Amino acid sequence: MSMNAQSRLQEILSKGEFAVTAECGPPRGATPEVVRKKGELLKGYVDAVNVTDNQTAIVRMSSIAACAHLLQMGLEPVMQMVTRDRNRIALQSDIMGAYSLGIKNILCLSGDHQSFGSQPDALNVFDIDSMNLIRTVQTMRDQGKDMSGFELNGPPRMFIGAAANPFADPFEYRVIRLAKKIDAGADFIQTQCIYNMDRFKEWMKMAREEGLTEKVHILGGVTPLKSAGMAKFMNNKVAGMDVPEPLIKRMAGVPKEKAIEEGINICLETIAQLRDIEGIHGVHIMAIEWEEIVGQIVESAGLTPRP
Amino acid sequence: MIVAEQKPLSEIKEIIAPYKKILILGCGTCVKTCFAGGEDEVAVLASALRLACKKDGKEIEIEKLTIERQCEDEFIRESAPAVSRSEGVLSLACGAGVQALARRFAKTPVLPGVNTTFIGVMESQGIFTEECSGCGNCRLDIFGGICPVTRCAKKLLNGPCGGSQNGKCEINPDTDCAWQLIIDRLKALGQMDNLRKYIPPKNWRTSLSGGPRKLVREDHII
């Protein structure tokens, strides 16, 4: 891991403290107040806030701009960047632009296919994949050069994140892919939402055996369930998501008005289990359009006050 | 036709390096027409490889065969005995041919001997140009039969950019400006009105961008 970056998230992780990050989806519009409101809800409860980049291929305020709004409020953003919409020229340009605004964390992703979004007619880009985006940011940071080898006047010193989905197939490839991302330059990993804890533990065991947990900070992803319907939907309709049947039954087994409470309980149990797994250095809470619940979860999990 | 170009000998040597018995399999359709992988090219490549391997002191057995089409199982089957005698197949067909072979022969590595370049035509003897990108949503009717999606470097649908000069494209003085060609042709056809038409953003769902494509012809399924 490079010592060049200077983000707070990096500082917390390198001190060996358990990090807490959350997600903030920018609005489908140009109103900054929406971002600020979400930021207010998260302030004091998390170390950094991931800002999604046109998630599920739906056009939203740009991740860079929303990150800038959060920065102004004193929150530390993790800028998510997907390779679906921008070629290598735009990606490198935006990485430098983002850093110039004070954005110090990046999460490199390929992005959901546009066919899932509201404008499926769009042409996708995918000029480079997430692996090469990680490598590009690392080269810009550590060698101070862009992809052409040109020496940059002031390199962007990003703390580099990548995603991992232990629940996607083929399972045996998932740890190899993690290793490739670490080799490419990932400093931290945020995982897909964890519901199948057995499979997650198996994946972590494999990662430990390969020595990967010594090389990268892994933050386990959680998403509180709101209802049995949501659990079923995530299992059946969301690509690469694995919600085991007993969990769906557990959500369905409580009265409707208790469903939210049960979802939060499950989330807290998951966080407690994550803290006991060797190699897990933090939790990433993705409360989709439900940012107001994050504070309660962090508090109930005993993760406040934040450093 | 699908236009392809044979890979450099040095690259082919590298690709076949792990094998001592190979079959060079030609295709008698598109790649034959563009001089990349027909019977003649199979023979020339076999000689060149034998010579190169001899020079390097490497033992190699090379068998030659050319079938009518490598993208159709009916013809692929003819190559089965020769394939079973080889450790690897160097296919001189387009990427579809290589994959069709791989699909049929589960245990034999199928290696590409050509680079598949584009869907095009032979403009004049030995000169091939790209004409179609298979976007799945053809509007050649309004563009006078000249495709801006393929032949304009920026895929512009509403007229030429500021880089069009003397009928040539800004990226290369040897490349025609597709829009110059479209305009000339629409003039000749008396369809200049088409130039005033506003063309909305293209629906790319039917292109590769929408994911790998599959065409189902119910009326032909047995």
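The buried residues of helix 8 of chain B pack against helix 7 (148–151) and strand 9 (172–176) of that chain. Contact here means that two C-beta atoms, placed from the backbone, lie within 7 Å. Helices (H or I, at least four residues) and strands (E, at least two) are DSSP runs, numbered from the N terminus. This is a predicted model, in which local features need pLDDT of at least 70 and side-chain atom pairs count only at pLDDT 80 or more, while totals for chains, interfaces and linings use all residues. Residues are numbered from 1 along each chain as its sequence is written, and chains are lettered from A and ligands numbered from 1 in the order in which they are written.

Back to helix 8 of chain B. The residues that are buried in this helix are B:Ala178, B:Trp179, B:Ile182 and B:Ile183. They sit on the same side of helix 8 of chain B, because they cover an arc of only 130° around the axis; the arc is that of the directions from the helix axis to the C-beta atoms. On the other side, B:Lys187 and B:Ala188 are exposed. For these labels, a residue is buried if 20 or more other C-beta atoms lie within 10 Å of its own, exposed if 12 or fewer, and partly exposed in between, with C-beta atoms placed from the backbone. Helix 8 of chain B runs over residues 178–189, twelve in number, and reaches 16 Å from its first C-alpha to its last, close to the 16 Å expected at 1.5 Å a residue (the expected span is 1.5 Å times one less than the number of residues). Just after this helix, B:Gly190 takes a positive phi of about 70°.

Helix 6 of chain B (residues 95–104) can be read in a similar way. Its buried residues are B:Gly97, B:Val98, B:Ala100 and B:Leu101. These cover an arc of only 165° around the axis, which puts them on the same side of helix 6 of chain B. Their packing partners in chain B are strand 2 (21–27), helix 4 (73–76), strand 4 (88–91) and strand 5 (110–112).

Now for chain B as a whole. Its secondary structure comes to eight helices and nine strands. The radius of gyration of chain B is 21 Å, well over the 17 Å that the globule rule gives for 222 residues, so the chain is more spread out than a compact globule. That radius is taken over C-alpha atoms, and the globule rule is 2.2 Å times the number of residues to the power 0.38. The C-alpha trace of chain B spans about 65 × 45 × 25 Å along its principal axes. Of the 222 residues of chain B, 29% count as buried. Among its contacts between residues at least 6 apart in sequence, 56% join residues at least 24 apart.

Chain A has eleven helices and eight strands. Its radius of gyration is 18 Å, close to the 19 Å that the globule rule gives for 307 residues, so chain A is as compact as a globular protein of that length. Along the principal axes, the C-alpha trace of chain A spans about 60 × 45 × 40 Å. Of the 307 residues of chain A, 47% count as buried.

A couple of spots in chain A show both ends of the burial scale. A:His284 lies in strand 8 (residues 280–285) of chain A and is buried, with 29 other C-beta atoms within 10 Å. Leaving aside neighbours within four places in sequence, A:His284 is in contact with A:Thr21, A:Gln190, A:Leu219, A:Gly220 and A:Gly221. A:Ser118, by contrast, is exposed, with 11 other C-beta atoms within 10 Å, and is found in the loop between strand 4 (105–109) and helix 5 (130–143) of chain A. Not counting residues up to four places away in sequence, A:Ser118 touches A:Ile58 and A:Val59.

Finally, the contact between the chains takes seven residues from chain B and six residues from chain A.
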